[in-house]
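Please read them with the coordinates open.

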Amino acid sequence: MARQPKKTTVTMEKIPPEKIRADILALGLFKDTKRLPTELAALDKAAGQVISNLLKLGDFTGAANQAAVLYSNGSLACRRILLVGLGDKKSLQLDTLRQAAGVAARTADQLGAARLAMALQTLIGEKLDLELVGQAVTEGAISGHYDFQDYLPASKDSKEVQNLRISLIDSKAAAVRKLNAGRKTGIILSEAQNRTRMIDNKPGNEINPPSLARQAQKLARQFGLKCKIFDDKQLARMKMNAILAVGGGSASKPRLIMLEHNGRRSAKDSAPDAIIVGKAITFDTGGISIKPSANMETMKYDKSGGCNVLGILTGAAQLKLAKRIIGLIPAAENMPSHTSYRPGDIIRTYSGKTVEVQNTDAEGRMILCDALHYAAKMKPKAIVDMATLTGACVIALGEHNAGLFSNNDPLRKAIEKAAQASGEPVWHLPSDEKYLEQMKSKMADLKNVSGREGGACTAAAFLGAFVDDTPWAHIDIAAVADTDKPKPSRAPGATGFAVRLVLEYLRSV
Ligand code: BES
Ligand code: ZN
Ligand code: ZN
């Protein structure tokens, strides 16, 4: 039988670490801690000096995400202590703690320690706001415990924890109050992100445009969102010809999925505060311009932007944001067949602009140009789109930053601030007129590719041609949406990158 998804609960408790009853207690230690910090003296004594002995030996350096499990041989109520390295105290950031919490959750999971107490904040001092600390460690822990195991049998030998019960602990009432406020936000944001990862991780034989639309409807019912699905017949009536062209080669017909959270007090149907758009190519073979077979299996993640929208809209509903937010997911499968669109085709897109297709593998910008123009016509205050759009962005920035493009400086800055808060970093790249110039076609308004040079920027400039003057930001998540390398703080697979970022942005405006 397939496994049930893992559960993680995070609660808050006012209790000193030496009193907590748990299977494992996680503490954070800075790099080069030579002597036992006074805050840990009582705990160390109760544990039979295991921490001070370790520090004397110097085996634990405290490098970021380093982990050491100690077994208390004293009178401690907790059977294990987990030390997690926090790196240099000077360079401490919220994300250091977020990742440390992920390490703690993954270590507890591997050890079969179902009750995890976390006091990672014990030694951090005053530098960081404790509410934000409570949020970050909650996010890190819930994200750290998630793993894609839907198709694996429930294993008898593995000790893995199905229900991980995490308790954030602190002995001071003021700290408990702040940590607890952050904990509530952290649960919503990281559960939204895991919801995205659960769908994004599913393969192309399970998720196609119609089944993705059903997932959206199910989530909409569950979280109280409005949901409208445009099927291929409606798309044809609306002249969404670019979405139809890309989806034309597949037996699973394309869809445009629309979700809405309206948290405004007045019932008036006024302009949306934000429209969040996400590319959902449920599988990208490249189409007639077919991709090489090496690593093609990773193209199931070409729906990451769209899956992000599902996480973001359900998260916005749970946060009860007092805003009107619309999610738009153009969904298609890019397949080669006798009904595919071809290189050389000229498509009259929803905007009326014509596009010469020179490469059917540049399909993301095609489905997005129809969705973005549909968004712009609703005159929202801002449009933010996310897409696994270009291999060029992977080459430009590697896996450490997503590419950020925008036609509006205040919006760009708000996104950069949210990226900082969420620990999902972005790097601003240009997409001005000069790049759009490269996308002009001799026989249509635009072509869908130009040369290899500046490929992420020319793709972004193409998208920007469909939003009119609406403030717009585009996040190219091609390099960050999935990973085959497990990290100490996170399982491999879909990352849900930008779900927390965009939710932080929506909270901030
Ligand atoms: N989905 C890909 C982009 C991609 C590449 C995502 C690598 C993740 C990892 C996109 O549809 C694509 O194929 N883009 C082409 C565009 C080119 C033909 C102009 C690319 O980047 O090679
Ligand atoms: Zn492609
Ligand atoms: Zn693609």
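Is Lys-279 buried or exposed? Lys-279 counts as buried, at 2% relative accessibility. Here buried means under 20% relative accessible area, exposed over 50%, and partly exposed in between, with a 1.4 Å probe and protein chains only.

1. Ground rules. This is a predicted model, in which local features need pLDDT of at least 70, side-chain atom pairs count only at pLDDT 80 or more, and totals for chains, interfaces and linings use all residues. Residues are numbered from 1 along each chain as its sequence is written, chains are lettered from A and ligands numbered from 1 in the order in which they are written, and side-chain values use heavy atoms, with hydrogens and water left out.

2. Zinc ion (ligand 3). Its donors are Lys-279 (NZ), Asp-284 (OD), Asp-302 (OD) and Glu-363 (OE), at 2.0 to 2.4 Å. Donors are N, O and S atoms within 2.8 Å of the metal (3.2 Å for Na, K and Ca); water is not among the atoms, so sites may look incomplete. The site has 6 donor atoms with angles of 77 to 174° and is octahedral. Along the chain the donors follow the spacing K-x4-D-x17-D-x60-E.

3. Zinc ion (ligand 2). Asp-284 (OD), Asp-361 (O), Asp-361 (OD) and Glu-363 (OE) coordinate this ion at 2.0 to 2.2 Å. The arrangement is irregular because the 6 donor atoms subtend angles of 68 to 166°. Six donors count as octahedral, and four as square planar, if opposite donors are over 155 degrees apart and all others between 65 and 115; four are tetrahedral if all angles lie between 85 and 135 degrees; anything else is irregular. The donor spacing in sequence is D-x76-D-x1-E.

4. The bridge. Asp-284 links the zinc ion (ligand 2) to the zinc ion (ligand 3), and the two ions lie 3.2 Å apart. Asp-284 counts as buried at 3% relative accessibility. Glu-363 is buried at 0%. Asp-361 is partly exposed, at 22%.

5. Lys-303. This residue sits in the loop between strand 10 (280–284) and helix 9 (304–318). Helices (H or I, at least four residues) and strands (E, at least two) are DSSP runs, numbered from the N terminus. Lys-303 is buried, with a relative accessible area of 0%. Leaving aside neighbours within four places in sequence, its contacts include Asp-200, Lys-202 and Lys-279. Contact means heavy atoms within 4.5 Å.

6. Cores. The largest nonpolar core has 63 residues; Leu-27, Leu-116 and Val-133 are among those with the most contacts inside it. Helix 3 (residues 94–111) gives the largest share, 8 residues. Apart from this core lies another, of 55 residues, including Leu-310 and Leu-404. A nonpolar core is a set of buried Ala, Val, Leu, Ile, Met, Phe, Trp, Tyr and Cys residues joined through side-chain atoms within 4.5 Å.

7. Helix 4. Residues 130–145 form this helix of 16 residues. Of these, 14 are buried. Asp-129 caps the N-terminal end, with a side-chain oxygen 2.7 Å from the backbone nitrogen of Glu-131.

8. Backbone points to check. Lys-239 has phi near 65°, a positive value in a residue other than glycine. Lys-239 is exposed, at 55%. Ala-498 also has positive phi, near 95°. Ala-498 is buried, at 0%.

Note on methods:
The expected span of a helix is 1.5 Å times one less than its number of residues. A polar contact is a pair of N or O atoms within 3.5 Å; within protein, one must be able to donate a hydrogen and the other to accept it, and residues adjacent in sequence count only if both atoms are side-chain atoms.
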